[in-house]
Amino acid sequence: MTRVLYVAGTGRSGSTLTAAMLGQLRGAFAAGEMLYLWQRGLAERRPCGCGTPVPECPVWTDIRTAPSARASVTAAVPLDQLDRVEPAALHARLRARLRLRRLPLFLWRRATGRPPVPPHPADDAVLAALYRTIAARTGADVVIDSSKLPPYGALVGALPGVEVKVLHLVRDPRATAFSWRRTRGLDGAADPTAMDRPSPLRAAVLWLAWNAAARLFWRGDAYLRVRYEDLCADPGGTVRRVATFAGLPTGPLPFAAPGVIQLGPTHTVAGNPSRHRTGAVAVVADDEWRTGLGRRAFVLVTLVTAPLLRLCGYRVRR
Ligand SMILES: [Zn+2]
């Protein structure tokens, strides 16, 4: 069994930092947002966490060309090597399978005891081979996938030979809506492509939909919900709690000082530009939204997300 820790949630919830912290633990490999490996990493040649374009990164080249990737050959799936896969086409099929408007279908399938996302045997064999090969080539006990999108986590959890534990990260939706409004290059300042900037309404709808989905898809021993605010208040304690949940060794933790984590380079594909940060990184709550978010946006986001706001432990008032 290949063990995957899947970080679920919505954008701007601290998933990049959380995955980077967990990736410093012995036995963990922070792979980044695996959902975007094919399009952003391989087709668009965006940089890996190590700074090299993903197709040239030695770690990912080794994974993609590894002989162990061929072990996925089955009668139905004539897959030789992962690097034979056409990345853009696979990404397009994944996108079509994971659309937001299919959420009622996913929930209905979950309620009737089936994997939420309908299977696609050929692509699922490729993905199963990918996770298995990452674990084999990096020697990791746990592969950390911070793709966030709950339906993709459900898809990964249904792959043959893959066992998923889900870390559901939530953050105050008013903070995420505010954070989305800041322009940011997809891969740092040098990148002219800005990340998506949804309006406060769209940010609120996505927050509600995906956090509700995460709560409905998973429960029990394979599910842990953590608030971004609690992570920032006690990074050491929270990382230990998540490590124990994921079956990773809890010490020694790479903290340079209380609240300051020592980050080594990662090989994360796709994600927030902050994944390129290394060295001592302070884990501090970004609460500029409390003064920066306009009154209209605050009321709108609060109303839309109200069904889940209190359940996740957030106050309705500012
Ligand atoms: Zn790399």
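Reader: Where is the place of A135?

Author: Helices are DSSP runs of H or I of at least four residues, strands are E runs of at least two, and both are numbered from the N terminus. A135 sits in helix α6, residues 121-138. This is a predicted model: local features need pLDDT of at least 70, side-chain atom pairs count only at pLDDT 80 or more, and totals for chains, interfaces and linings use all residues. Residues are numbered from 1 along each chain as its sequence is written, and side-chain values use heavy atoms, with hydrogens and water left out.

Reader: Does A135 count as buried or exposed, and what does A135 touch?

Author: Buried means under 20% relative accessible area, exposed over 50%, partly exposed in between (1.4 Å probe, protein chains only). A135 counts as buried because its relative accessibility is 15%. Contact means heavy atoms within 4.5 Å. Not counting residues up to four places away in sequence, A135 touches T2, A140 and V143. A135 and M1 are 134 residues apart in sequence, yet 9.9 Å apart in space, C-alpha to C-alpha.

Reader: Which residues coordinate the zinc ion?

Author: Donors are N, O and S atoms within 2.8 Å of the metal (3.2 Å for Na, K and Ca); water is not among the atoms, so sites may look incomplete. Here they are C48 (SG), C50 (SG), C57 (SG) and H267 (ND1), at 2.1 to 2.4 Å. Their spacing in sequence is C-x1-C-x6-C-x209-H. C57 is buried, at 0% relative accessible area. C50 counts as partly exposed, at 30% relative accessibility.

Reader: Why is the arrangement around the zinc ion tetrahedral?

Author: Four donors count as tetrahedral if all angles lie between 85 and 135 degrees. The 4 donor atoms subtend angles of 98 to 117 degrees, so the arrangement is tetrahedral.

Reader: How many cavities of 30 Å³ or more does a search of the whole structure find?

Author: Rolling a probe the size of a water molecule over the atoms shows where empty space is left. On a 1 Å grid over the protein atoms alone, a cavity is a set of points where a 1.4 Å probe fits but cannot get out; lining residues have an atom within 4 Å of a point. Grid points are joined across faces, edges and corners, and a volume is the space filled by probe spheres set on the points. The search finds 2 such cavities. The largest cavity holds about 130 Å³ of space. It is lined by 19 residues, with T16, A20, T266, T268 and R275 closest to its centre. Helix α1 (residues 15-23) gives the most to this lining of the largest cavity, 4 residues.

Note on methods: Four donors count as tetrahedral if all angles lie between 85 and 135 degrees; four count as square planar and six as octahedral if opposite donors are over 155 degrees apart and all others between 65 and 115; anything else is irregular. On a 1 Å grid over the protein atoms alone, a cavity is a set of points where a 1.4 Å probe fits but cannot get out, and a pocket is an open set with protein on both sides within 12 Å along at least five of seven lines; lining residues have an atom within 4 Å of a point.
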